[in-house]
Number of protein chains: 2
Amino acid sequence: MKVPKSGEWLVPLPCRSDKANTGGRVYGIDTWLTRKFLQTIGAPPLRVTLWDGTELATPGSPPVIGMVIRDRGALWRLLTNPLLHFGDDYSAGRVEIEGGLVQFMETVYRSMDQTPKFRRTSDPAAYRRHQPKLNSLAGARQNIHHHYDVGNAFYQLWLDAEMLYTCAYFPEPDASLEDAQIAKMELVCRKLRLRPGQTVVEAGCGWGALARHMVRRYGVTVRAYNISHEQIAYARERARAEGVEGRVEYVEDDYRAITGKYDAFVSVGMLEHVGPDHYHELGRVIDRSLTEHGLGLIHTIGQNVAAPMSPWFLKRIFPGSYPPTLREMMALFEPLEFSVLDVENLRQHYAKTCEHWLDRFEHHRDRVREMFDERFIRAWRLYLSGCVANFNLGTLQLYQVVFSRPTNNLVPWTRSHLAAFAGAS
Amino acid sequence: MKVPKSGEWLVPLPCRSDKANTGGRVYGIDTWLTRKFLQTIGAPPLRVTLWDGTELATPGSPPVIGMVIRDRGALWRLLTNPLLHFGDDYSAGRVEIEGGLVQFMETVYRSMDQTPKFRRTSDPAAYRRHQPKLNSLAGARQNIHHHYDVGNAFYQLWLDAEMLYTCAYFPEPDASLEDAQIAKMELVCRKLRLRPGQTVVEAGCGWGALARHMVRRYGVTVRAYNISHEQIAYARERARAEGVEGRVEYVEDDYRAITGKYDAFVSVGMLEHVGPDHYHELGRVIDRSLTEHGLGLIHTIGQNVAAPMSPWFLKRIFPGSYPPTLREMMALFEPLEFSVLDVENLRQHYAKTCEHWLDRFEHHRDRVREMFDERFIRAWRLYLSGCVANFNLGTLQLYQVVFSRPTNNLVPWTRSHLAAFAGAS
């Protein structure tokens, strides 16, 4: 990469006193540090406004995206550890973005990935560097509580009516979120070839929508595990309300506590919280739970290269989380000799899903404000915007993996059982 | 595993003098060694007839499968290294099988996999143990010549009319081999979303059928590489005969010599011969060949666990070959940050394909006999039967993997472009 020398690529613009002048006077050292910061992150096409209104910009086409740094402390913090401090300072209102947060993140991520310092390259031990062993039985409970027990009322504001907090499946890009979440559940059920009378175990069931869908539409019985207390309470309540409580059992427990034998094993959006150190353990749970001709499906966020999540995301949003590469996922299957039958990458569907969530979240901002402070709102906006950006850029993937025992010769012969469905919900 | 004591599980049967009495007298040591051999391979339900007609069998239901050992040397060899010597002694006629070779291999493989000595467990360095570095430029040529330059006339006897020597795709299990091979080519083309005017590079093109199919049916131009001299000569001749020689170029060269940029990269049945040590190299070839929005497809035999092929197979049939696990395949994609979009496992289709090949081979046995000696015929029968058994048992898999660059947002939104096709050819 050619990084322009600081003298030629940062153009100081006239001082604009109408904004951001909350941090005192701007000195030469401040503009020098700003240039240094932009250089460090690969000189993206950005306009930076400092606290007294001083503007700097990369040359070339005028940048449509602007970043306002409201005080010297924030600037210093950005320089020392942008991946941690940008999030905190944005949440605190010490940094503002003009021209769209998603666009900003896409621009900056794209640029950072071209720099030696921030380039995401595959490192087999990556997930350990920022991930202490957080996913023990007790640690997992704490991590899940941090995110999922924020309050059902909050999630109800911006999730679909069925409360699915995982990637939807849009038969057409302009399908509604509600339809796309139902289509996702259908896709999962069809991939598992569910038939009436079968038994299913679900590891990590969220608010329980998939389990209820399976019971209602496919005539199976489901035992669904989750360690989020609030989610389990909600799931049980809805099962009662829908009159299916006899056919779905929600168990407030860890996936490691699963007992019994089932015709299908399904886990949608849990693996991200398991941690590669525990994949072997999860593999053994699946091995002891699946009948001879059972099918399994794991739906998870993933990555093309093994790299840790940003420290801000790990600290503030999802402690203990790690989206695996397909290579890392194989630790689930290879030691137990499972056959991988089908992998589908729904990356773009997750970008679309997160766009819907972000829109709904912003739409209900006033309602959210009644529940949480501004810092929470800004952190959440940043998180959802970052997800849109990362799925758009291909930094994150979404894998659906179907598998069986190696000797299972009753697996679907072709994908014709999915065909009628692939194009329409 | 509970291995019965030799005294209780091997029942000597009355001597049958009507067969196999070619190796002199059978002593106590011979029956002891036979028991030992059966014990070593996990005591499968087998009847063993020694060279003077002495029979031994495992107790329980009378075994339908029999093995005739024609001399003491063969017995010794089986005991010391069954995975190498069974093949050679079967080829030499020193061992005979009664009750079906495929059934015999399935029975024995299933049994061996239950023994500590022969159990196939995943070993990350497995492929190196029996694989010297055979796949250098010169080594690869030698290996490919060994198998593929046996003579086009031989392969024409038992392959389909288009001469495809890779897994077919049977929309229905009872489709003909000819239809299934055309369906396979269609499946590959659709997964690559070929459009008129596009350019395709093919690594390892066999007798060139896929390249010609793409040109004829999809209006693309193809450059196809192969280091088998006989295959390339045949491919060029057929392209001329079909009047498509201006739109398909067959290059007699290694995949490492590929130059140019293409809208699609395709490789069907070559990766097995590349060797994991060279995946990174192949990944870089793909990286430099694929346009920004190009799609790639790799179709290869694979395994659930990283284990070497049998030494007999490596020595007599496919030197330098290794079917990777999905984990190992990721060495192609992860370092270059390719996105894996779709993986389909066609294992059962390959069992079916090999069954067709074996049937046709046996049907034309007299014609084959005019070309080769009995040892070759028996070795080839064993190889094809072993393939049927291994795909049936799930020891081998068949992966089709579709991939793109990570930033490609023009990848198919769903699988609807495959849907109309999945159930009918």
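Reply: A helix axis here is a line fitted to the C-alpha atoms of the stretch in contact, and the angle between two axes runs from 0 to 180 degrees between the N-to-C directions. The model we are reading is predicted.

Me: At what angle do the axes of helix H4 (residues 82-91) of chain B and H17(B) cross?

Reply: Two packed helices are described by the angle between their axes and the distance between the axes. For H4(B) and H17(B), the crossing is at roughly 135° and the axes come within 8 Å.

Me: Are H4(B) and H17(B) then oblique or roughly antiparallel to each other?

Reply: Angles over 145 degrees count as roughly antiparallel. H4(B) and H17(B) are therefore classed as oblique.

Me: Which residues of H4(B) and H17(B) meet?

Reply: H4(B) brings B:Gly87, B:Tyr90 and B:Ser91, and H17(B) brings B:Arg375, B:Arg378, B:Ala379 and B:Leu382. Sorted by class, this contact of H4(B) with H17(B) has three nonpolar, two polar and two charged residues.

Me: Now chain A. How do the axes of H3 (residues 72-80) and H4 (residues 82-91) of chain A cross?

Reply: The axes of H3(A) and H4(A) cross at roughly 150° and come within 6 Å. That angle makes H3(A) roughly antiparallel to H4(A). The crossing of H3(A) and H4(A) is left-handed.

Me: What does each of H3(A) and H4(A) bring to the contact?

Reply: A:Ala74, A:Arg77 and A:Leu78 of H3(A) meet A:Pro82, A:His85, A:Phe86 and A:Asp89 of H4(A). The contact of H3(A) with H4(A) has four nonpolar, one polar and two charged residues.

Me: And where do the axes of H15 (residues 347-363) and H17 (residues 374-393) of chain A stand?

Reply: The axes of H15(A) and H17(A) come within 8 Å and cross at roughly 155°. H15(A) and H17(A) are therefore roughly antiparallel to each other, and their crossing is left-handed. Among the residues making this contact are A:Tyr350, A:Trp357 and A:Phe361 of H15(A), with A:Trp380, A:Leu384 and A:Phe391 of H17(A). By class, the contact of H15(A) with H17(A) holds eleven nonpolar, two polar and three charged residues.

Me: What rotation superposes chain B on chain A?

Reply: Two copies of a chain are related by a rotation about an axis and a shift along it. Here a rotation of 180° with 0.0 Å of shift superposes chain B on chain A, at an RMSD of 0.0 Å. That is the relation of a two-fold axis. The same surface serves both copies, as 100% of the contact residues of chain B recur in chain A.

Me: How many residues does the contact take from each chain?

Reply: Chain B gives 36 residues and chain A gives 36 residues. On the chain B side, H14 (326-333), S11 (339-345), H15 (347-363), H17 (374-393) and H18 (416-422) each supply at least two residues. S11(B) has the largest share, seven residues. The side of chain B that touches chain A divides into 15 nonpolar, 14 polar and seven charged residues.

Me: How do strand S11 of chain A and S11(B) run, parallel or antiparallel?

Reply: Strand S11 (residues 339-345) of chain A and S11(B) run antiparallel, joined by three bridges. In this pairing, A:Glu344 stands opposite B:Asp342 of S11(B).

Note on methods: Residues are numbered from 1 along each chain as its sequence is written. Chains are lettered from A and ligands numbered from 1 in the order in which they are written. This is a predicted model: local features need pLDDT of at least 70, side-chain atom pairs count only at pLDDT 80 or more; totals for chains, interfaces and linings use all residues. Copies are superposed by least squares on the C-alpha atoms of residues with pLDDT of at least 70 in both. Two residues are in contact if their C-beta atoms, placed from the backbone, lie within 7 Å. Helices (H or I, at least four residues) and strands (E, at least two) are DSSP runs, numbered from the N terminus. Ala, Val, Leu, Ile, Met, Phe, Trp, Tyr, Cys and Pro count as nonpolar, Asp, Glu, Lys and Arg as charged, and the others, Gly among them, as polar. Two strands pair if DSSP finds at least two bridges between them. Angles under 35 degrees count as roughly parallel, over 145 as roughly antiparallel, 65 to 115 as roughly perpendicular and the rest as oblique. A crossing is left-handed if the near helix is turned anticlockwise from the far one by less than a right angle, and right-handed if clockwise.
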